Amino acid sequence: MSWIYLLVAGLFEIGWAIGLKYTEGFTKFWPSVFTGVSMIVSITLLGVALKNLPIGTAYTIWTGIGAIGTVILGIYLFDEPATAARFFFISLILIGIVGLKLIHE
């Protein structure tokens with residue numbers, strides 16, 4: 001169950017990172033509320049996952065999920081560059097996440 005909490009925490013990590021763009025420096029009310037709630041949920045679920053997972057593994061996977069999702073959504077939502085180099089380095093992050101998960105078991 002800890003891995004599920006960690007995955008969902010990573011998804012909320014993506015939510016608050018993308019939400020920051022929409023807050024326009026926390027001048028927009030509803031995007032700011034969404035971002036704040038996403039931050040709280042993400043950190044809370046990470047904390048719950050840490051009851052049974054090592055901090056190094058969990059934190060790295062949490063930030064990796066957030067990084068990969070934020071880059072992909074940045075490309076989709078904000079027309080950020082979708083270069084081969086970006087996808088290559090995202091794949092390295094993904095390989096690291098999978099590797100950490102595999103060596104944990």
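Helices (H or I, at least four residues) and strands (E, at least two) are DSSP runs, numbered from the N terminus. By that rule, this protein chain has four helices and zero strands. From the N terminus on, the order is α-α-α-α. The model is predicted: local features need pLDDT of at least 70, side-chain atom pairs count only at pLDDT 80 or more, and totals for chains, interfaces and linings use all residues. Residues are numbered from 1 along each chain as its sequence is written, and side-chain values use heavy atoms, with hydrogens and water left out.

**The whole chain**

- The C-alpha trace spans about 45 × 35 × 15 Å along its principal axes.
- Of the 105 residues in the chain, 30% are buried. Buried means under 20% relative accessible area, exposed means over 50%, and partly exposed lies in between (1.4 Å probe, protein chains only).
- Take the contacts in the chain with a separation of 6 or more: residues 24 or more positions apart account for 66% of them. Contact means heavy atoms within 4.5 Å.

**Helix α1 against helix α3**

- The axes of α1 and α3 come within 8 Å and cross at roughly 40°. Axes are lines fitted to C-alpha atoms, for helices over the stretch in contact, and angles run from 0 to 180 degrees between N-to-C directions.
- The two helices are therefore oblique to each other. Angles under 35 degrees count as roughly parallel, over 145 as roughly antiparallel, 65 to 115 as roughly perpendicular, and the rest as oblique.
- α1 passes α3 in a right-handed crossing. A crossing is right-handed if the near helix is turned clockwise from the far one by less than a right angle, and left-handed if anticlockwise.
- On the α1 side, the contact residues include Trp-3, Leu-7, Ile-14 and Tyr-22. On the α3 side, they include Thr-57, Trp-62, Leu-73 and Phe-78.
- By class, the contact of α1 with α3 has 16 nonpolar, six polar and two charged residues. Ala, Val, Leu, Ile, Met, Phe, Trp, Tyr, Cys and Pro count as nonpolar, Asp, Glu, Lys and Arg as charged, and the others, Gly among them, as polar.

**Helix α3 against helix α4**

- The axes of α3 and α4 come within 10 Å and cross at roughly 155°. That makes α3 roughly antiparallel to α4.
- The crossing of α3 past α4 is left-handed.
- Residues of α3 in this contact include Ile-61, Ile-68 and Ile-75. They are part of a group that meets α4 residues including Phe-87, Ile-93 and Lys-101.
- This contact of α3 with α4 divides into 12 nonpolar, three polar and two charged residues.

**Aromatic pairs**

- Rings of Phe, Tyr and Trp (its six-membered ring) pair if their centres lie within 6.5 Å; planes under 30 degrees apart count as stacked, over 60 as edge-to-face and the rest as tilted. The count by this rule is four aromatic pairs.
- One of them joins Tyr-22 and Phe-78: the pair is tilted, at 5.4 Å centre to centre with 50° between the planes.
- Tyr-22 lies in helix α1 and Phe-78 in helix α3, so this pair ties together parts that are 56 residues apart in sequence.
- Phe-29 is exposed, and so is Trp-30.

- Thr-35 is found in helix α2. This residue is buried, with a relative accessible area of 0%.
- Leaving aside residues up to four places away in sequence, Thr-35 touches Trp-16, Gly-19, Leu-20, Thr-23 and Phe-26.
- Phe-26 sits in the loop between α1 (2-23) and α2 (29-49). Its phi is near 60°, a positive value in a residue other than glycine.
- Most residues other than glycine have a negative phi.
- Asp-79 also has a positive phi, near 55°. Asp-79 belongs to the loop between α3 (55-78) and α4 (84-104), and is exposed at 68% relative accessible area.
- Lys-51 is in the loop between α2 and α3. Lys-51 counts as exposed, at 68% relative accessibility.
- The C-alpha atoms of Lys-51 and Glu-24 are separated by 35 Å, and these residues are 27 apart along the chain.
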